[in-house]
Amino acid sequence: MKSRYLLILGLSSLLMVGCVPEVSKNQANESPIAVNASVPVSSTQVKALANSAQSPDSTAIKSGTFVSGEHTTQGKVSITTKDGKSFLELDESFKTSESGPDLVVILHRSDNVINSTKPPSYPLQNGDYFILAPLQKYSGAQTYAIPNNIHLADYKSIAIWCRKFNATFGAASLSQ
């Protein structure tokens, strides 16, 4: 287990060093943060990312409301664009159970994840989803950068999923 954390720490350091030239190219008040599923994100980075994505010049392209699956999950989600980059935003009303040991935010190909799976855990099939990032917090507003190589038209919903137990806590179908 210690080796895993050392590896993550080492990779994080390499990523930070690799990003230094990018920081100098940007304006002082902008933050070039990319959320990566394998690298922990600090609360300072989350706030900077949230501020950059939720500015007045961002445009919502899809949105939805969470329905509960394995555990009570509620709130609204939207996919926005700003300066050619896409972001997934959970609003202030978002809330899910703290029972999951390995919760992640995923993009899913189905337009109705909960009804296309079986209770009680609502398990997912490999190839039907893309893991965007670990869930930052169990409630409140949060923002996740969507990689540029993701074709958003292929994904019709968002879900909060427990990777360890293949349990879908909740999902939101996206509409325009």
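The legends below describe close-up views of a predicted model.

**View 1. The aromatic pair of Tyr129 and Trp161.** A search of the whole structure finds 2 aromatic pairs, where rings of Phe, Tyr and Trp (its six-membered ring) pair if their centres lie within 6.5 Å. In one of them, Tyr129 and Trp161 have ring centres 4.7 Å apart and planes at 50 degrees, so the pair is tilted (under 30 degrees counts as stacked, over 60 as edge-to-face and the rest as tilted). Tyr129 lies in strand 8 (residues 129-134) and Trp161 in strand 10 (residues 157-162), 32 residues apart; strands are DSSP runs of E with at least two residues, numbered from the N terminus.

**View 2. The burial of strand 10.** Trp161 is buried at 4% relative accessibility, as is Tyr129 at 16% (buried means under 20% relative accessible area, with a 1.4 Å probe and protein chains only).

**View 3. The neighbours of strand 10.** Two strands pair if DSSP finds at least two bridges between them. Strand 7 (residues 103-108) runs antiparallel to strand 10 and is joined to it by 6 bridges, with Ile106 opposite Ala159. Another 6 bridges join strand 10 to the antiparallel strand 11 (residues 167-173), where Gly170 is the bridge partner of Ile160. The hairpin of strand 10 and strand 11 has 4 residues between the strands, and Asn166 takes a positive phi near 50 degrees there.

**Notes.** Residues are numbered from 1 along each chain as its sequence is written, and side-chain values use heavy atoms, without hydrogens and water. In this predicted model, local features need pLDDT of at least 70 and side-chain atom pairs count only at pLDDT 80 or more, while totals for chains, interfaces and linings use all residues.

Technical notes:
Buried means under 20% relative accessible area, exposed over 50%, partly exposed in between (1.4 Å probe, protein chains only).
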